[in-house]
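Here's a quick briefing for anyone meeting this protein for the first time. Have a look at the sequence and the model, then read on.

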Amino acid sequence: MPFPFSTPVQAEIPILLGEWWNEDTEMTEKAMVLYGDGPNASDAYTINGLPGSIYPCSNKGDVSPPLPS
């Protein structure tokens, strides 16, 4: 099977996934330990530290790289 791209990518780009919390994370952790329950759902998910444009905690100037057509 041929490689699907014209030239292979020579660099590895790390992608960090995370969560955005509007409440105090220390208090959330203490409540988890006290009650033995899991944490509440996060307010947003992040990719490389930036939430997507659908979340209210996003910046007005989100960067969208151009994609080849």
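This is a predicted model: local features need pLDDT of at least 70, side-chain atom pairs count only at pLDDT 80 or more; totals for chains, interfaces and linings use all residues.

Where does S42 sit? You'll find S42 in the loop between α1 (25–35) and β2 (44–47). Residues are numbered from 1 along each chain as its sequence is written, and side-chain values use heavy atoms, with hydrogens and water left out.

**The overall layout**

- The protein has one helix and three strands; helices (H or I, at least four residues) and strands (E, at least two) are DSSP runs, numbered from the N terminus.
- Reading from the N terminus, the elements go β-α-β-β.
- Of the 69 residues in the protein, 9% are buried (under 20% relative accessible area, while exposed is over 50% and partly exposed is in between, with a 1.4 Å probe and protein chains only).
- Take the contacts (heavy atoms within 4.5 Å) between residues at least 6 apart in sequence: 39% of them join residues at least 24 apart.

**Around S42**

- S42 counts as buried because its relative accessibility is 14%.
- Its side chain reaches the backbone oxygen of A44 at 3.4 Å. A polar contact is a pair of N or O atoms within 3.5 Å; within protein, one must be able to donate a hydrogen and the other to accept it, and residues adjacent in sequence count only if both atoms are side-chain atoms.
- Setting aside neighbours within four places in sequence, S42 is in contact with E19, W20 and W21.

**The two ends of the helix**

- At the start of α1, a side-chain oxygen of D24 comes to within 3.3 Å of the backbone nitrogen of E26.
- Just after α1, G36 has a positive phi of about 70°.

**The sheet**

- The three strands make an open sheet in the order β1-β2-β3, with antiparallel pairing; two strands pair if DSSP finds at least two bridges between them.
- At the edges are β1 and β3 (50–51), each pairing on one side only.
- Two bridges join β2 and β3 in the antiparallel sense, and I47 has L50 in β3 as its bridge partner.
- N48 lies in the loop between β2 and β3, and its phi is near 55°, a positive value in a residue other than glycine.
- N48 counts as partly exposed because its relative accessibility is 42%.

**A nonpolar patch**

- Which residues make the nonpolar surface patch of about 360 Å²? They are I15, L17 and I47.
- Patches are made of residues with over 30% relative accessible area and no salt bridge, joining like charges within 9 Å and nonpolar side chains (Val, Leu, Ile, Met, Phe, Trp, Tyr) within 5 Å; a salt bridge is a side-chain nitrogen of Lys or Arg within 4 Å of a carboxyl oxygen of Asp or Glu.
- I15 is in the segment before β1 (17–20) and counts as exposed because its relative accessibility is 60%.
- L17 belongs to strand β1, and it is exposed, with a relative accessible area of 69%.
- Leaving out neighbours within four places in sequence, L17 is in contact with T46 and I47.
- L17 and P51 are 34 residues apart along the chain, with 9.9 Å between their C-alpha atoms.

How values were computed. Accessible areas come from the Shrake-Rupley method with a 1.4 Å probe; for residues, only the protein chains shown count as cover.
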